[in-house]
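Hello,

Here is the structure I promised to pass on to you. Have a look at it first, and then read my notes below.

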Amino acid sequence: MPVVRCPGRHTSGGDVALAALLALGAAVETLLVSQADHAPARAALAVATCGALAFRRRHPLGTATAVSVGLAVESVALESPDEVGVLLATVVASYSLAAYATRRDGVVGGVLLAMALAMAIALDPSDSPVNILPTLMLFLAVPAALGLAVGRRQRRIDELEREQREATAAAVQRERARIARELHDVVAHAVTLIAVQAEAGATVAEGDPAAARRSLLAIGDVSREALEELHRLLGLLSTEDETGAAPDDLGPGSLEALAAGVRAAGLAVRTDLAPLPVLPPDVGRCVHRVVQEGLTNALRHSSGELAEVRIDVVAEELRVVVDSTGRRHASSYGGSGRGLAGLRERVEALGGELAAGPREGGFVVEARLPLARERRATAPERDGAR
């Protein structure tokens, strides 16, 4: 099992303090309290053994190895250790192996600790080999079980935190894609109208100054409306508003305003809006963008002089159609198809279907959105482009 890198897998001040406290306690006990033989050497070994705990999180196997070597050397070269600090160091090393080490390292470190502890008991003339198993259970097995439980809980916490970070990053990416798509729709629609008006004004500038003046005024109106919409969308980047809905995005008033802007560009627009139920904000925004995209493409791609906007409810389904017909001069300003791709994602995310494309003498955009049946869960939004 690979080691789990988690917060705290480093040498902390608490670990250093714990190691220093146990080392100091073992040294004082050896030099001043027990007054055992070879006290200086035993104190030095005890300090080295306890000092290894400073690295118990970052290097749990190394810590267990150092503690095992300290136990074994003191037992063989001097006498079996009985300092409280050294015994507690064994307990902490076993716990740290189970909590922070890989499974393989935990097994290796556990075997080393068990061998060293068994050797200390076996070489101690005042102890009995019968006590080896109970000592191993008390000093190694119990701390290891506690360490396993704590390590498992910490890994679960780390996993949840990682999932939360990934979910947050995905949500941020979806929101950025949504705002980018909204910005693209607004800019593309406004620039198309401006381009058409500029071409029309240039055509009649000499022969009909009044018409040219109307084109310039229409360009000003469209520019101001686009700036207001851009300010609203950009404001979403610095607020807590997650809906992105403008109050007039969801009603027929905004659709009539779209139609009026296109009429000013020279394309006749006829609207047929049936009485509609109260729409959820996401459906209302989608309807607004379908009509906007349809009128934009009517200006760009059709050779018609009339665009029809029809919205009605058929069999628990909202049907939105923008159909351009007839003959007219088409603008030379074209698009890249990104708007339709983003619009299709928006419609399909609501469980609907979108059909769009040119036909003889015109361009048709048709969307069908479910009203009564349960909509599919929103799919991850890509930064779709027109």
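**A helix pair and a strand**

Helix H3 (residues 60–78) and helix H5 (residues 103–122) have axes that come within 9 Å and cross at roughly 15°; axes are lines fitted to C-alpha atoms, for helices over the stretch in contact, with angles from 0 to 180 degrees between N-to-C directions. That makes H3 roughly parallel to H5 (angles under 35 degrees count as such). Their crossing is left-handed, meaning that the near helix is turned anticlockwise from the far one by less than a right angle.

Before going on, a word on the source: this is a predicted model, where local features need pLDDT of at least 70 and side-chain atom pairs count only at pLDDT 80 or more, while totals for chains, interfaces and linings use all residues. Residues are numbered from 1 along each chain as its sequence is written, and side-chain values use heavy atoms, leaving out hydrogens and water.

Among the H3 residues that meet H5 are Leu61, Val67 and Leu71, and the H5 side includes Val108, Leu112 and Met119 (contact means heavy atoms within 4.5 Å). The residues of this contact divide into 13 nonpolar, four polar and one charged.

Now to strand S5 (residues 362–370): eight of its nine residues are buried, so S5 is largely enclosed by the rest of the structure (buried means under 20% relative accessible area, with a 1.4 Å probe and protein chains only). Strand S3 (residues 317–325) runs antiparallel to S5, joined by seven bridges, and Leu318 stands opposite Leu369. Strand S4 (residues 353–359) also pairs with S5 in the antiparallel sense over seven bridges, with Arg359 opposite Gly362.

Best wishes

Methods. Helix = DSSP H or I, 4+ residues; strand = E, 2+ residues; numbered from the N terminus. Parallel < 35°, antiparallel > 145°, perpendicular 65-115°, else oblique. Nonpolar A, V, L, I, M, F, W, Y, C, P; charged D, E, K, R; others polar. Buried < 20%, exposed > 50% of the residue type's maximum accessible area, 1.4 Å probe, protein only. Pairing = 2+ DSSP bridges.
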